[in-house]
Amino acid sequence: MRKIFVLIAILALLGFSSMCFATAVTIAYGGIGNCSNLSWSHTEYNMSGSTIFEGNTTGIGACWRINNSNITLDCSGATLTGNSTAVEGHSVYGIIINDTYNSVRTSPLTNITIMNCIIQNYTMAIALNNTNWSITLQNITVRNNTDTGILLDNTNNATLTNVTSYNNTVYGFVFNRSSDNTVTNGTSYNNSYGYLINASNEITFSTSGIYNNTFYGINLYNSHNNAFTGLQLFINKDTGFVLNNSENNSVAGMAYNNTLYGFFMNGTKNNTLSSCYAYNHTVYGFVVNATNNDTLHKPYAYNNTLTGIYVNKSTNLSINQGTSWNNSIGYVLNGSSTNNTLYLSYAYNNTNYGVYFNESHNNTVNTGYAYNYTLIGYVLNASDNNTITGSSAYNNSGSGTGGIHGFYLNESHNNSIVSNTMYNHSLSGINVTNSVNHTINSNTLYTNGIFGIYVNYSINSTISGNTVYNHTGIGIVVNDSSHNNTVSSNTVYNNTLYGVLLNSSDNNTVSSNTIYNHTIAGLVLNYSSDNNTLRDNTVYNNTLYGVYLNTSHNNTFTGNIIYGVQNNTDELGYGLMVHAGNQNMFTYDKIYNMTKFMWINATTIFGTAVAPGLENNLTHFTVGYSDTTGLINWSLINATNISLVQQSNIILEAQFVALNISNTDAAECNRSANVSLAVVSACGDAIYHASGFPTTRASVVSGGSDYVTGYDSCSAGVKKFQVLGWSGYTLYDVGPATGGGTSSSSKSLTLESEFVCPGSKLVVTALGGSTPLSNVRVFISGLGVVYSDADGEAEFDISASGTYQISATKSGYISETGESTVTMCTGEEGETTTVTPITPVTPPEDLSTGSTDEEPEEETSEEETEVTEEEQLPPVVEEEEVVAPPVQPPPSQQQDSQQPGQAGSTTETGAQTQSGGLGEMLGGIVLLLVVIAVVGGLWYYFGMKKGNGKK
């Protein structure tokens, strides 16, 4: 027995020594040349020979079957060729890992490497089934297989590096229920489909060269949390990249020259496409269909036949810093797409439209740029509750149905167009047709062909706070049965024909607008525009008419101010012109600073007879020499056929009012009225009156007498009194009736003037003797009133050379008049400053260049109204330039040539050392057995010997 234990100990020691050496290395098994099972764990198999022509081994359904873990197969660049024939109705594989052809494996394989292989002419070249952890495919080329190049089924934690699959009948690569895999440089071309990724998650995919596949490059279906970078998908016959029913994926790369689409997202959620390019497609660059909460960050879409970015039936999509150019349409939101946002979006050089909403609602465009199109910048068609703000549309021109517009809204309701800029369109800046309840607020519109804002057959819209100028036709038009609209607080100027026109439109409100510098009229009601309310508008410096009514009735004018019409031709040059208008009401309106004030219900228009109008009512109507001096306030005038056609019918100068009644049609005006006169010396001065309707103040002074007023008050430098009939009136500051001298209580007031260059300023200095006088009211016709400062100076901006009439008044001083002749300044470039009689509304400069990550700030210029072409174009590219990536030709299609990742660029690998856990565990067990055996043997030997001695 003792000998047996000793023998066991010796054998255990020998075995332990041998095991220790065996578990430290992997066996290198070289020279395999036939199809077989590769089942030895911790083994590196190497091919022998450069090419193996092999049929199929019926028993295993594959040339090589790997059915154990910890195996490396190095083909050493050899080619494995099958005969493409199925065995017993089953697919035949070049290499299959953990197959289920004959049985089901219950535990996955791990730690398998296949490298440096060329595999062709099988049903599938490589199939990985039910494997997990440390599976590596490296430097592999598969081709000409009748189904799929490489299949991963229920396989996790695999790494594919420098793998190429091409000329396969169906798929280049298939990932099915396989997650946590990595693909680097996985090229797939000339297949029906490049990649099918189904129910597979958390794949890291960095590759290029997916091209020339019959259908799509990549189809990601029902897969989540995957990351794709460095993509180049091109010349695929259908689509570059398809995301279908997938969530939380990120994609970055290029899709170009694919037949239909670049990127197609369908039924997706929470995906992000970042810095993706889509160009040269026959339909769309990007398609987003029936998605929710996806993001396109910095998408670039160009040279696509139809649309750059097409969104259909999608919600909560965010398109940030997108650029779409050289397409038919830049962006389309269609089919009830709701709650989507376009931020800092650029669309230019598209054939038809920049941004097109069709039946899409509650969307927002913030800080967009739409320019250089053939037709229209922004279109809303049958789309409601959308907001476009902080955006620009410009330089869109061409021809087409409905003309060319910056913004076009058709059959759309409750939209907001706020704080945008539109210029250089051939027809209009904003066109609203057949629409309801729009808000058009705080926009700037200029040089848009004919119209600034054109509202046609639309109701209940608000047009407010806009700046509209320099159009060849009309600033704002409310046309053709457009009712219940509000036009308020707009600044409208320098439009060739009219400022604001209501044409055949009723029940609108026009209020608090500033309208000036038009060649025909400021505010026009035309062709049965009835029952409108016009209040608190300021209309001035319009060449022919201030306010013009033609066959329009029952309108109410309240608190409007009209001044500065200078044309003196008969039938022209009136502050208020009413042609055949009936029962219009004018209340608390004011007309001043013009030669002819009003012509109501003229019987002819430029020699053509018109039907006489019915009675119009003027209540508390005011005319005057200026806005504060020499005012006549009629408490009531029922005006029928008033025709004040003679020049100087009403002469209202400082401290003097009179009416020349040489025209009998003016009899209706010869009624009681309240008169206002500026006080020269003191409020105690009496009013001086002369009968006979004198035409000058001197005639009142020479032949007049004290007037006993029925109403007399004096405050704030204005004396008011009431007259029962018209003649001439002035202040009694010249002594007795026969006197001609100056009142001893009055002081002399003198004026000096200086024209200052540069700056084109006319500075008028008021002096009392040699002392500068402050608070002197200085008036220049056409330029308005300025009160002198502490130095006695009043500054006026001058826009043209000429002779300017100046008058000045101050309580306690005799009024002074004079004139100053000026010649305009010239700047360094020979330009002059353009200034209007009051503080002008200057056109904003165009968008300055700068980073497109931030909203561009609009700056205004007080000296220039023209916009250079260079300034009009905002930057298109943010940070990096957006240039068309070069279209890379596909690699050579020859099967035997070296493709990316094929043999020829192999990675050297030696026999892999495996300090395997299983070997170390077995070695430990053997060592334990050896110790037990040795101890037992010694105990037996010495114990038994000792016991025998006792016996």
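**Disulfides and strands**

Analyst: Let's start with the link of Cys757 and Cys825: the torsion about its S-S bond is about -90°, so this disulfide is left-handed. Keep in mind that the model is predicted.

User: Which parts of the chain does that pair link?
Analyst: Distant ones, 68 residues apart. Cys757 is in the loop between strand E80 (750-756) and strand E81 (761-768), while Cys825 is in the loop between strand E87 (816-822) and helix H3 (869-872). The S to S distance is 1.8 Å.

User: Is Cys825 buried or exposed?
Analyst: Cys825 has 8% relative accessibility, and the cut-off for buried is under 20%, so Cys825 counts as buried. Cys757, at 46%, counts as partly exposed.

User: What joins Cys757 and Pro758?
Analyst: A cis peptide bond, with omega about -10°. Pro758 lies in the loop between E80 and E81.

User: Back to disulfides. How many are there?
Analyst: Searching the whole structure turns up two. Besides the link between Cys757 and Cys825, there's a disulfide from Cys75 to Cys117, S to S 1.9 Å.

User: What's the handedness of the Cys75 and Cys117 link?
Analyst: That one is right-handed, with 75° about the S-S bond. Cys75 and Cys117 are both buried.

User: OK, new topic: strands. In what sense do E11 and E13 pair?
Analyst: In the parallel sense: strand E11 (residues 132-143) and strand E13 (residues 156-166) share nine bridges. Across that pairing, Thr136 stands opposite Thr159 in E13.

User: And how many bridges are there between E13 and E15?
Analyst: Seven, again in the parallel sense, with strand E15 covering residues 182-189. Here Thr164 is opposite Thr187 in E15.

User: Where is Asn190, then?
Analyst: Asn190 is in the loop between E15 and strand E16 (193-198). Its phi is near 60°, a positive value in a residue other than glycine.

User: What about the phi of Asn414?
Analyst: Asn414 also has a positive phi, near 60°, and isn't a glycine. Asn414 lies in the loop between strand E41 (405-410) and strand E42 (416-418). With 35% relative accessibility, Asn414 counts as partly exposed.

Methods:
Residues are numbered from 1 along each chain as its sequence is written. This is a predicted model: local features need pLDDT of at least 70, side-chain atom pairs count only at pLDDT 80 or more; totals for chains, interfaces and linings use all residues. Side-chain values use heavy atoms; hydrogens and water are left out. Two strands pair if DSSP finds at least two bridges between them. Helices (H or I, at least four residues) and strands (E, at least two) are DSSP runs, numbered from the N terminus. A disulfide is a pair of cysteine sulfur atoms within 2.5 Å. Buried means under 20% relative accessible area, exposed over 50%, partly exposed in between (1.4 Å probe, protein chains only).
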